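Open your viewer and get your selection tool ready. We will walk through the pockets one stop at a time.

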Amino acid sequence: MSIAENVARIRREMDAAALAAGRNPREIQLCAATKMNDADAVRQAIAAGVDCCGENRVQELVRKRSQDAYRGAPVHFIGHLQTNKVRQVVGAVDLIQSVGSRKLLAAIDAEARKQRLVQNILLEINIAGEPGKTGFAPEEVLPLLEQIGNFPNICMKGLMAIPPIPQNPGDNLYFFQKISQISVDIKRKKYDNVTVDCLSMGMSADFSEAIRSGATMIRIGTAIFGPRNHT
Ligand SMILES: *Cc1c(COP(=O)(O)O)cnc(C)c1O
């Protein structure tokens, strides 16, 4: 199937999942996870109407940007970001979704200050507590937000999570609901300069379950572009 057909099918499934959960389908954005797909594939996905593109690697971001691959769509960074590469990403993307440590948060804030801009970010939560995976532990989030004023060049827009790869679509429901609950807890506290309008969770194998649990953005690679050679 073509990229356009895949995007159309995913949109239908997104709408169905939203309506089944009593939600407005327009609340949910489709982010194309474009890693390892070339500029031409990215352009096809944008033409087919994805809401944004998510890139995992700084090198790929820089290369595809130089090829003008993202024209017409916002670009997000969704991969592991090393502090020594922050300079190439801050100000170059609309949203950094994968901010999973204080060290990275501080580095992004400092670079944004240098560039005289405010960088939009999501906090990445290691929701299943997987060792070796980046992300804040759920219990670290509220204490961190108490101190978010220390990072004036950061604007926190929400949460992102990458739960384990599911064996069955329902396997991650528990984790998706846990993320949703954290966002409710954050909203209740009303921190300055913090919103949780964006809940980025759900991938090719389980996006319907994520939408049922409150996702406002799903990140889809394989179901749009087909299988990658390796990940
Ligand atoms: C690759 C990737 C996705 C998409 O994964 P698929 O299973 O191919 O849909 C989503 N989020 C992140 C952070 C990724 O790296």
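Keep in mind throughout that the model is predicted.

Now widen the selection to the whole lining of that pocket: Gln29, His76, Asp94, Leu95, Asn120, Lys157, Thr195, Asp197, Cys198, Thr216 and Met217. Colour these residues by class and you will get three nonpolar, five polar and three charged. The space they line has a volume of about 190 Å³.

Next, move to the largest pocket, with a volume of about 800 Å³. Its lining counts 32 residues; to find the centre, select Lys35, Asn56, Ile162, Met203 and Arg228, which lie nearest to it. By class, the lining splits into 13 nonpolar, eleven polar and eight charged residues.

What sits in the largest pocket? The ligand does. Show the residues around the ligand: Ala33, Lys35, Asn56, Ile78, Ile162, Met203, Ser204, Arg219, Ile220, Gly221, Thr222 and Arg228. Five of this shell are nonpolar, four polar and three charged.

- Thr222: a polar side-chain atom is 2.5 Å from an oxygen atom of the ligand.
- Arg219: an N or O atom of the side chain is 2.8 Å from a nitrogen atom of the ligand.
- Arg228: a polar side-chain atom lies 2.9 Å from an oxygen atom of the ligand.

Finally, switch to a surface view of the ligand. On its own the ligand has 390 Å² of accessible area, and the protein covers 89% of that.

Conventions
Residues numbered from 1 in each chain as written. Predicted model: local features only at pLDDT ≥ 70, side-chain atom pairs only at ≥ 80, totals over all residues. Heavy atoms only, no water. Near = heavy atom within 4 Å. Polar contact = N/O pair within 3.5 Å; in protein donor to acceptor, adjacent residues only side chain to side chain. Areas by Shrake-Rupley, 256 points an atom, 1.4 Å probe, with all protein chains shown as cover. 1 Å grid on protein atoms, 1.4 Å probe; cavity = no way out; pocket = protein on both sides within 12 Å on 5 of 7 lines; lining within 4 Å. Sits in = over half its atoms within 2 Å of the grid points. Nonpolar A, V, L, I, M, F, W, Y, C, P; charged D, E, K, R; others polar. Points joined across faces, edges and corners; volume = space filled by probe spheres on them.
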